[in-house]
Amino acid sequence: MARVIDSVVGHQDEINKLFQLKQKGRWPHAIMLVGPSGIGKKKIALGMAQALVCESSSEGCGQCGSCLRIEKLQSESLIVIEPDAELARPVIKVEKIRTLLDSLALANLASARVVIIDQAQLMNPQASNALLKTLEEPTDNVFFILLAPDVHQFLPTIRSRSQVMRFHALSYEQLKQIKPQQPDWAYRACRGRVDLLTSLASREGAEKRDESLTFLEQFLTDEEFLLDKGWRDIVKDRAWAIFCVNCWMQLIRDAIVLKTQAQKFILNTDQSERLKQFFSLSDAKLNWLGEQLVRVEKDINSNADTALAFEDLWVRYARVD
Ligand SMILES: [Zn+2]
């Protein structure tokens, strides 16, 4: 058994800064750990939770009862809130936040409690407002750690009550350290995210990627794209849609790179045949698509209707010269 923070790969500067806040007695009531999913934010949050509740060390010892219970996610001092994944559009509802606030009000004030809200951007407005009240009138010894991909997905009122710490995607070497012996293209195409690496490198993931790239070809070439009902059913699966947008981003990026730079910068090293097809697309179209996919990803992450997102993208893409 050890400290959770010691199992984190990378992010050393950010982790040092977090510990400095703690050591200087400036640990905030609410902090947002912001950055792509699958890079270790939750582990870092758990590591900091250990530091906040540890019985013997201000950095967390990893050995005491409090630290061990945090590691096993069985601590009364730790509350982890996540979106309801079973919903078609995962969301953190106000009921969950209210239940949380009730339990915080009841519990013993003497010991520190840590609330980790994972994918906190999925709190609906009522949930955000319920949380805001607590952030405005913080209770001693209650610490909120909000995890999210992007700070701009929060209400400004929540943002202004939280300290923000940004985290970046992992490097090729760090990914290899965390998950060795995966296909080279998967390390390159996973955007520095372990969750994406895992799904890309699985057989199912490789098939999904192939489907999503075939779908990209359809998007780019089918003049009656909007009439086809088939893809709408497929993109209803939100996880698939997000995965798909990621694959598209990577391939479009490669197409742009291939037009201007050498082959060695290509991420999807196994897709050279597909990439050749993109040579006929104008730079303007490729660049536009590259930019817009970032927006589509944000929209889908913020619970936009997936079919509408692709439809809207196609309509606007068709107008680009
Ligand atoms: Zn400890």
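**Close-up views of a predicted model**

View 1. The twelve residues of α1 should span 16 Å at 1.5 Å a residue, and its end C-alpha atoms are 16 Å apart, which agrees. The expected span is 1.5 Å times one less than the number of residues in the helix. Helices (H or I, at least four residues) and strands (E, at least two) are DSSP runs, numbered from the N terminus. The buried residues of α1 are E14, I15, L18, F19, L21 and K22. They cover an arc of only 155 degrees around the axis, which puts them on the same side of α1; the arc is that of the directions from the helix axis to the C-beta atoms. An α-helix has 3.6 residues a turn, so residues three or four places apart point the same way. Buried means under 20% relative accessible area, exposed over 50%, and partly exposed in between (1.4 Å probe, protein chains only). The packing partners of these buried residues are β1, α2 and β5.

The model is predicted: local features need pLDDT of at least 70, side-chain atom pairs count only at pLDDT 80 or more, and totals for chains, interfaces and linings use all residues. Residues are numbered from 1 along each chain as its sequence is written, and side-chain values use heavy atoms, with hydrogens and water left out.

View 2. Five strands, in the order β2-β3-β4-β1-β5, form an open sheet with parallel pairing. Its edge strands, β2 (78–81) and β5 (163–166), each pair on one side only. From one strand to the next the twist averages 20 degrees. Two strands pair if DSSP finds at least two bridges between them. Strands β3 (residues 113–117) and β4 (residues 142–148) run parallel and are joined by five bridges; R113 has V142 as its bridge partner in β4. Helix α1 (residues 12–23) lies across β1 (30–34) and β5, at about 155 degrees to β5. Helix α2 (residues 41–53) lies across β1, β2, β3 and β4, at about 170 degrees to β4. Axes are lines fitted to C-alpha atoms, for helices over the stretch in contact, and angles run from 0 to 180 degrees between N-to-C directions.

**View 3. S75 in the loop between α3 and β2.** S75 lies between α3 (65–71) and β2 and counts as buried at 10% relative accessibility. Leaving aside neighbours within four places in sequence, S75 is in contact (heavy atoms within 4.5 Å) with R69 and I70.
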